[in-house]
Amino acid sequence: MKVFCGRANPTTGSLEWLEEDEHYDYHQEIARSSYADMLHDKDRNIKYYQGIRAAVSRVKDRGQKALVLDIGTGTGLLSMMAVTAGADFCYAIEVFKPMADAAVKIVEKNGFSDKIKVINKHSTEVTVGPDGDLPCRANILVTELFDTELIGEGALPSYEHAHRHLVQENCEAVPHKATVYAQLVESRRMWSWNKLFPVHVQTSLGEQVIVPPSELERCPGAPSVYDIQLNQVPSTDFTALSDVLPMFSVDFSKQVSSSAACHSKQFVPLASGQAQVVLSWWDIEMDPEGKITCTMAPFWAQTNPQELQWRDHWMQCVYFLPQEEPVVQGSPRCLVAHHDDYCVWYSLQRTSADENEEVYQVRPVCDCQAHLLWNRPRFGEINDQDRTDQYAQALRTVLMPGTICLCVSDGSLLSLLAHHLGAEQVFTVESSAASYRLMKRIFKANHLEDKVSIIKKRPELLTSADLEGKKVSLLLGEPFFATSLLPWHNLYFWYVRTSVDQHLEPGAVVMPQAASLYAMIVEFRDLWRIRSPCGDCEGFDVHIMDDMIKHSLDFRESREAEPHPLWEYPCRSLSEPQQILTFDFQQPVPQKPVRAEGSMELRRPGKSHGAVLWMEYHLTPDSTVSTGLMNPLEDKGDCCWNPHCKQAVYFLSTTVDPRVPLDGPQSVSYAVEFHPLTGDITMEFRLADTLN
């Protein structure tokens, strides 16, 4: 059966109704899930297997039957491990129906149907008793309910309920315990992801400084964690102000509480500096003795960094203090970890947490609007002074006496740059209430509320009255729009340019003048794992899961490229960057599709994992801003990516094992088409030896 789904088109700005399969959302969830990454996490798998064997053995040594409750079973892997380890029976809970159905098939294929019962419910709905889902309480609790923050997927409430209703008192638990660690650091780069810095502009009247409003400086910021691959942050980007501190632990074998709590750790600062950021991660001990440990620590906090396990389903956490605070080397301070049932946050205190507990119990919430409008990479982008200088230099070449400027981007400072650099009048359009309020505050803080006119409406709805009857001589955009996910979604600027054509004077300048879509074939160091079939996992056949993911990837949106911040995922170029399509912003959006076909020669040996795509914006004939490659390729093909943008990755194949070098193909063919009516870009990249 087909259903109609509403979708806001990020490129055209319109609301579309599309006919989709009734299980469309399920397939999207499966296609974009981390199941494959988890199955490829050998360190995780081995440690869980060892912990389960030990737990079953302890129960058997007590002369008891081993009854296992597996919450969040996924593929059923941990339940199959338990039965293989000698468990008498397993109850595998999985709330996501497509996954539960797959688990039933995987369990049957591996011959465990008589020992494993898959229950398609949330664990809090599971009943115990003669007529219940479980005949009696289990004595072994196996779970994998964790996210990068440990508790963000509801681990604490799930454990709390399980101990009260589903498992025996002092049951065996795998994992047995989790410990959260933190390190206080000073980092201008990471702090730039959270606060607006003063922006410097060189003008004919000297240097002008765009200052942040006091509300932004006082705001504690967004309360959510920023999860990243911390191993890709150079050690030169931060200064450690504390040792790695064990902040709190959770014993999963005993009653767990989901109530809000705080945990204080006194430390002596290693250096003097500005305390700004808390880096955090966790480890899990699979057994009571702590001999079987799985850690998420970055390489500098591990005793054997050469054995570092790459994973994407669990990363590391970056938290921002509500305000930066000075610390002095040798003068003790207290770092406090707070958490509720789903979130963690940190504060810094001079004394123990008990004395000031009431002050810090409330979870910090953004009240300045900026953290609602700008995500962390966007903060970093706006704070990039080199990028600002490039836009300013381009503006100097197009601004003329009497320029009437219209700025079209979400929450952009370009309107302020245009004013300071000599535009006679500047209009800026903000379509959301949050961006409108934020920009009003920024203009007021810089005494420009009467110099830059802000229009609160969608740019397609602009009237001559909004522009005070004037014609625009410079249409300006970064372009950046908060709704964009893929690099080409910011082509919304082109659709806006088309809709405001009537307001442009003859010969009006549009900046950027054009954009180009670039592509390059790469070999990923690790990212290939998230789309690689697993087949066999620790001796268990999970081909059914591979087939399920492949089927979901056959749906329309799942066949498209995926956004990934590639500065976190090292890769090596196998081809040279190639310009695929060009979009001329000086002309309206064309009526007919624009198509490009060709091939990309592979100049370096390696594993062809995928094509990376990005946009380059040509501000002027002499100035280009790239959302992808930042520097020319090195001889070995190592890539340096724009750290403020997500690039698009088109994985070449989900059926070819990308761990095996492909010696045959010398090129990759492509067909890319831009559809003006929908704003979509469809594409296909194929290895040469797979062509018919």
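Here are some questions and answers about the predicted model shown above.

Student: What should I know about the numbering and the model, and what is the mean pLDDT of the protein chain?

Tutor: Residues are numbered from 1 along each chain as its sequence is written. The model is predicted, so local features need pLDDT of at least 70 and side-chain atom pairs count only at pLDDT 80 or more, while totals for chains, interfaces and linings use all residues; side-chain values use heavy atoms, leaving out hydrogens and water. The pLDDT, the predictor's confidence in each residue from 0 to 100, reaches 70 or more in 91% of the residues, and its mean over the protein chain is 91.

Student: Which residue makes a polar contact with the side chain of E172?

Tutor: Happy to look! E172 lies in strand 7 (residues 167-174), strands being DSSP runs of E with at least two residues, numbered from the N terminus. Its 10% relative accessibility makes E172 buried (under 20% relative accessible area, with exposed over 50% and partly exposed in between, using a 1.4 Å probe and protein chains only). A polar contact is a pair of N or O atoms within 3.5 Å; within protein, one must be able to donate a hydrogen and the other to accept it, and residues adjacent in sequence count only if both atoms are side-chain atoms. At 3.0 Å, the partner side chain is that of R62.

Student: How many residues apart are D41 and R311, whose side chains meet in a salt bridge?

Tutor: A salt bridge needs a side-chain nitrogen of Lys or Arg within 4 Å of a carboxyl oxygen of Asp or Glu, and here the N to O distance is 2.6 Å. D41 sits in the loop between helix 2 (35-40) and helix 3 (42-61), R311 in the loop between strand 16 (293-295) and strand 17 (316-327); helices are DSSP runs of H or I with at least four residues, and the separation of the pair is 270 residues.
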